[in-house]
Amino acid sequence: MRVLHLLNHTRRMNGHVHAAVDLACAQAKLGHTVAIASQGGEFDALLQENGVESFIVDHERRPGRILKSMVGLAGLLKRWRPDVVHAHMMTSTVLAWPACKLAGVTLITTVHNEFERGAILMGLGDRVIAVSAAVAKSMQKRGISASRIDVVLNGTIGSARMADRCEVPKALDHPAIVFVGGLHPRKGLPNLLQAFDAVHAQHPAVRLYVVGGGPTQDSYAQMAREMASAAAITFAGPQDDPYPWMLGADIFVLPSHADPAPLVLSEAREAGCAVIATQVDGIPELLDQGRSGILVPPNAPDKIADALRMLVTDPDLLQAWRAHSQIAIDNLRIERVAREVIAVYDRATGSRAKPSAA
């Protein structure tokens, strides 16, 4: 099958991009002809190494530019002749819909962040992929028919993007608690800071490492500096490869208020961390409904603190939850994701495997 993925750019530090790059490379590995059209970025070299062709399509949101990009994309579809165009972002979907209609090409969309106001635009796809069952339910509430939605749970283990990552654990002080994510309100970091401060008062050996950057980084760092536990909190900033921090951690905490299906949970589980995360959106699905990680309510620092105390005071329980992180972990492999997405393409295009000769 010939697959053209469409997204705004191929730069690092964006979950949508990571998911699309992982998927494109995995599909190419399965023998499909795959390309990505975007404004380009750091991952273009990786895509080339993995047999994925790159094209430049401007995604700037200005009327004149959008029209020019639509025309350019229509020309690309005519030249490259994909069986499927797979749009991963709202601007990509707006560009792709008229071009696909004119060319008679099937359009697939993936809803990565259904909480965004414009996510309804992803319903322009002939079929809509939701990255978790929670996202699918949300899109149905927005008026997208369940018959057009396919759930393909996120997973990133074994992806080409991870091939050259460092496998040496970061030297951290223990018990080590790690957060990896963008520093913006929906990730709920203030809840973790409050919980950690309460736990540190009783267990002063614990340490918290915050890995990531974002618009609220300075305000969160200031919040931490004003806490009694300030000396035990490290803000490591954004990291191209955060995996060593997870390898070095005892406990990984994701205190999100909204998170459709965060890829970081695949990595934290692969690293063997005991996981604490909030019971919102697709997080329970990525933790097997609490079998492979401890689920707590969102916006509840006291519940995070209770879970942390339970783990840092009982080494055997900590080791047990680290072992639980490996339950059904193969379900988070990128090959499973790639095969399920190809099956969606087949349903959308009416493709059927040719019967073997008698």
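**Entry 1: the unit around α6.** I began with β8, helix α6 and β9. Together they form a β-α-β unit, and its hand is right. Helix α6 covers residues 189-202. I note here that the model is predicted.

**Entry 2: how β8 meets β9.** I looked up the pairing next. β8 spans residues 176-180 and runs parallel to β9, with 5 bridges joining the two.

**Entry 3: β9 itself.** Is β9 mostly covered or mostly open? I find it mostly covered, with 4 of its 5 residues buried. The strand takes in residues 207-211.

**Entry 4: on to β10.** From β9 I followed the chain through helix α7, residues 217-225, to β10. These three elements also make a right-handed β-α-β unit. β9 and β10 run parallel and are joined by 4 bridges. Here I see Y209 opposite T234 in β10.

**Entry 5: the whole sheet.** In what order do the strands lie? I read β10-β9-β8-β11-β12-β13, an open sheet of 6 strands with parallel pairing. Its edges are β10 (233-237) and β13 (294-296), each pairing on one side only.

**Entry 6: β11 and β12.** Last, I checked another pair in this sheet. β11, residues 251-254, pairs with β12, residues 274-278, in the parallel sense. I count 4 bridges between them. F252 stands opposite V275 in β12.

Note on methods. Residues numbered from 1 in each chain as written. Predicted model: local features only at pLDDT ≥ 70, side-chain atom pairs only at ≥ 80, totals over all residues. Heavy atoms only, no water. Pairing = 2+ DSSP bridges. Buried < 20%, exposed > 50% of the residue type's maximum accessible area, 1.4 Å probe, protein only. Right-handed = clockwise from strand over helix to strand, strands pointing away.
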